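Me: Can you walk me through this structure? I'll ask as we go.

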Amino acid sequence: MTACAIEGGTAGAATTAEPGPEESGEPEEPVGAVPADPAIPWSAASHAPGAFTLTADGAYGARLTAAPGPPGERAWYPERWTLDGPEPYAVPLPLHQPEEPDAQVVPLADGRVLIRRRVADRQMFSLLYPTGPGTGELALGAVECEGMTLLPPAPDGSSVYALSPGEHSSLLWLVAGGAFGPELVAEIPGHCSGGAWLDGAGRMLALDRRLPGGGPVKAVAVDLERNGEVTPLLQITPESNDRLLLADADSGLLLLRSDAPGHDRLGWGVLGSCLPVRFPECLRPADVAVTPFAVQPGQMLMPESCAVALRIDGAAGSWVGVWRPQGRRLHQFAAPEGWAAGAGYWSGDGVLHLPYANTGTPCGVALLDAPADDGPLPGTGGHGGADGMTNGGTDGSTGGTEPSAAIAPPAVCKPVPLGQAPLHRTASPAGHRTASPG
């Protein structure tokens with residue numbers, strides 16, 4: 001995939017690289033780090049108390065929550081949400097003492113919850129599960145290191161990986177799903193962060209990396225079945241910071257952030273494609289930060305038709321955006337009260353599920369139908385359907401929510417044929433391609 005076009009704006013020369021089994025060794029270009037929010041690294045955002053993590057299939061969620069009390073005296077405990085039944089419900093998983101607010105939890109496909117705790121200079125791992133009125137705990141072991149973050153749940157639902165970054169090298173650990181507790185999978189030269197799965201088998205992992213000598217941040221692909229072999233993934237310009245935010249294995253759609261256009265822009269491309277990476281103008285509304293968090297699955301080989309859910313952060317708070325590459329249009333919606341901002345998943349038929357909790361609904365999921373791109377702009381009226389949400393909670397209530405009046409109408413981008421992107425700079429002579437999991 002040649003990555004090089006901005007819709008309706010200036011373009012930086014863009015390119016990407018395609019790692020295959022025949023390639024080996026270090027990428028020739030530097031590489032580096034991925035944020036969930038432009039100003040907040042994924043690892044920092046996922047550590048925040050209340051951060052909500054979902055399994056790859058959206059069946060379970062987990063978060064660290066707190067019992068009522070003064071802010072400085074809150075007792076934190078893990079909570080598991082079951083989301084694949086007729087009605088969502090939450091199960092608290094407290095132990096004999098409260099958790100520290102920097103603990104991190106990840107749900108597994110069998111309903112257990114992995115927790116990472118820091119104890120002095122050690123990272124402790126356990127599996128938590130409900131046992132009648134109490135909570136069972138299975139200790140998995142520990143790793144001696146000061147800093148570590150859990151990566152997004154693997155597609156198989158049973159494996160969880162963790163990253164321990166360093167200035168000169170980063171260690172990738174399998175902390176759940178192995179045979180003998182935490183296992184070192186790979187040592188990767190450079191400082192790594194982020195994490196996105198490129199395939200449905202859990203073999204190809206994308207990380208953002210900065211090489212030991214410094215330089216820009218670049219996304220690389222790590223092959224877990226070839227002893228952590230590293231190959232280039234994104235190379236838009238030699239000097240640009242190119243981070244991968246999300247990848248969809250079914251369609252090959254990639255969501256990335258790069259400063260190749262001169263400042264950080266949200267862009268998209270297709271894994272293994274020769275078509276340009278594009279930076280749509282509609283994904284840069286004024287005075288807000290836009291971050292993708294979920295891609296519609298099941299769109300086999302149809303990346304342009306995938307609905308993408310985006311978290312929009314502005315002075316008024318956080319709300320929800322929906323966008324498709326082929327539509328070139330950003331739809332904006334008010335989030336349900338108590339939304340776990342940046343958390344949600346799509347069903348294959350284009351319904352976005354947004355978990356939320358508030359005083360009236362301790363465990364709820366708002367349903368948002370992906371809007372059609374040929375209809376009118378979302379207005380301030382109307383409930384449900386393409387321009388509203390349906391809230392499904394433990395109280396069984398349903399209701400619509402309206403787009404906030406404080407949200408400006410989304411910009412409409414002029415469609416540009418994918419192969420005719422306006423280029424205002426000379427493209428790099430070296431062809432770079434996106435990685436293919438094969």
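Reply: One definition before the details: buried means under 20% relative accessible area, exposed means over 50%, and partly exposed lies in between. Also, this is a predicted model.

Me: Fine. Take R265, then: buried or exposed?

Reply: R265 is buried, because its relative accessibility is 4% and the cut-off is under 20%.

Me: Which residue does R265 form a salt bridge with?

Reply: E281. The closest N and O atoms of the two are 3.4 Å apart. The pair links distant parts of the chain, 16 residues apart: R265 sits in strand β24 (residues 265–270), and E281 in the loop between β25 (278–280) and β26 (289–295).

Me: And how accessible is E281?

Reply: E281 has a relative accessible area of 23%, so that residue counts as partly exposed.

Me: How many salt bridges does a search of the whole structure find?

Reply: The search gives 12.

Me: Give me a couple of others. What does R226 pair with?

Reply: The side chain of R226 meets that of E229 in a salt bridge, at 3.2 Å from N to O. R226 is partly exposed at 31% relative accessible area, while E229 is buried at 13%.

Me: And R112?

Reply: R112 and D110 form a salt bridge through their side chains, with an N to O distance of 2.9 Å. R112 is partly exposed at 28% relative accessibility. D110 is also partly exposed, with a relative accessible area of 46%.

Me: Why can such side chains pair at all?

Reply: Opposite charges can pair when the charged atoms of the side chains come close.

Me: What about A340, where is that?

Reply: A340 lies in the loop between β29 (329–333) and β30 (345–346). A340 is buried, with a relative accessible area of 14%.

Me: Which residues does A340 contact, apart from neighbours within four places in sequence?

Reply: F52, P355 and Y356. A340 and F52 are 288 residues apart in sequence, yet their C-alpha atoms are 6.1 Å apart in space.

Me: Last topic, the largest nonpolar core. Which of its residues touch the most other members?

Reply: The core has 18 residues, and those touching the most other members are L253, L255, L283, V295, V308, L310 and W323. The elements giving two or more residues to this core are β22 (242–247), β23 (253–258), β24, β26, β27 (308–314) and β28 (317–324).

Me: Pick L253. What is in contact with L253 outside four places in sequence?

Reply: The contacts of L253 include L246, A247, W268, V295, P303, C306 and V308. D248, G269 and P325 are also in contact with L253.

Notes:
Residues are numbered from 1 along each chain as its sequence is written. This is a predicted model: local features need pLDDT of at least 70, side-chain atom pairs count only at pLDDT 80 or more; totals for chains, interfaces and linings use all residues. Side-chain values use heavy atoms; hydrogens and water are left out. A salt bridge is a side-chain nitrogen of Lys or Arg within 4 Å of a carboxyl oxygen of Asp or Glu. Buried means under 20% relative accessible area, exposed over 50%, partly exposed in between (1.4 Å probe, protein chains only). Helices (H or I, at least four residues) and strands (E, at least two) are DSSP runs, numbered from the N terminus. Contact means heavy atoms within 4.5 Å. A nonpolar core is a set of buried Ala, Val, Leu, Ile, Met, Phe, Trp, Tyr and Cys residues joined through side-chain atoms within 4.5 Å.
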